[in-house]
Amino acid sequence: MDTKLTLKLDQHIIEKAKAYASNKKMSLSRIVEAYLQSLTSENDPAEFEISPFVKSITTGTEIPVDLDYKKEYSDYLFEKYK
């Protein structure tokens, strides 16, 4: 059963999210539902990948499409434990 949910978000984020959803030919509701499902899923979090766009929404920063997160994390750990 679907239930209506009202969210208050930054207008700029909403516009970007609507454009993203349109490009992916998905509804914004479906994208939010899939994201919330992934957060609350009992499956291993490593089984899915969160897109850079979704990551940018959660942090408020833009993430380059070609970001090598494994290298970034490795570099971070290297510096941290020098």
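Me: Is lysine 82 buried or exposed, and at what relative accessibility?
Reply: The model is predicted, so local features need pLDDT of at least 70 and side-chain atom pairs count only at pLDDT 80 or more, while totals for chains, interfaces and linings use all residues. Residues are numbered from 1 along each chain as its sequence is written, and side-chain values use heavy atoms, with hydrogens and water left out. Buried means under 20% relative accessible area, exposed over 50% and partly exposed in between, with a 1.4 Å probe and protein chains only. On that scale lysine 82 counts as exposed, at a relative accessibility of 68%.

Me: With which residue does lysine 82 form a salt bridge?
Reply: A salt bridge here is a side-chain nitrogen of Lys or Arg within 4 Å of a carboxyl oxygen of Asp or Glu. The closest N and O atoms of the pair that includes lysine 82 are 3.4 Å apart. The partner is partly exposed, with a relative accessible area of 49%, and it is glutamate 79.

Me: How far apart are the closest N and O atoms of lysine 71 and aspartate 75?
Reply: Both residues sit in helix H4 (residues 69-80), where they are separated by about one helical turn because they are four residues apart; helices (H or I, at least four residues) and strands (E, at least two) are DSSP runs numbered from the N terminus. Lysine 71 is partly exposed at 46% relative accessible area, and aspartate 75 is likewise partly exposed, at 34%. They form one of the two salt bridges counted by this rule, and their closest N and O atoms lie at a distance of 2.7 Å.

Me: Which pattern does the protein follow along the sequence?
Reply: The protein has four helices and zero strands. Buried residues make up 9% of its 82 residues. Read along the sequence, the pattern is α-α-α-α.

Me: Which helix supplies the largest share of the lining of the largest pocket?
Reply: A pocket is an open set of points on a 1 Å grid over the protein atoms alone, where a 1.4 Å probe fits and protein lies on both sides within 12 Å along at least five of seven lines; lining residues have an atom within 4 Å of a point. The volume of the largest pocket is about 720 Å³, and the closest to its centre among its 20 lining residues are Leu7, Leu28, Ser29, Val32 and Glu33. Helix H1 (11-23), helix H2 (28-40) and helix H3 (52-59) each supply at least two lining residues. The largest share, seven residues, comes from H2.

Me: How many residues of the lining of the largest pocket are nonpolar?
Reply: Ala, Val, Leu, Ile, Met, Phe, Trp, Tyr, Cys and Pro count as nonpolar, Asp, Glu, Lys and Arg as charged, and the others, Gly among them, as polar. The lining holds three polar and three charged residues. The nonpolar count is 14.

Me: How far is leucine 5 from serine 29 in space, C-alpha to C-alpha?
Reply: Leucine 5 lies in the segment before H1 and is exposed, with a relative accessible area of 57%. In sequence, leucine 5 and serine 29 are 24 residues apart. In space, their C-alpha to C-alpha distance is 9.4 Å.

Me: What phi does lysine 25 have?
Reply: Most residues other than glycine have a negative phi. Lysine 25 is placed in the loop between H1 and H2, and at 76% relative accessibility it counts as exposed. Although it is not a glycine, lysine 25 has a positive phi of about 55°.

Terms used:
Grid points are joined across faces, edges and corners, and a volume is the space filled by probe spheres set on the points.
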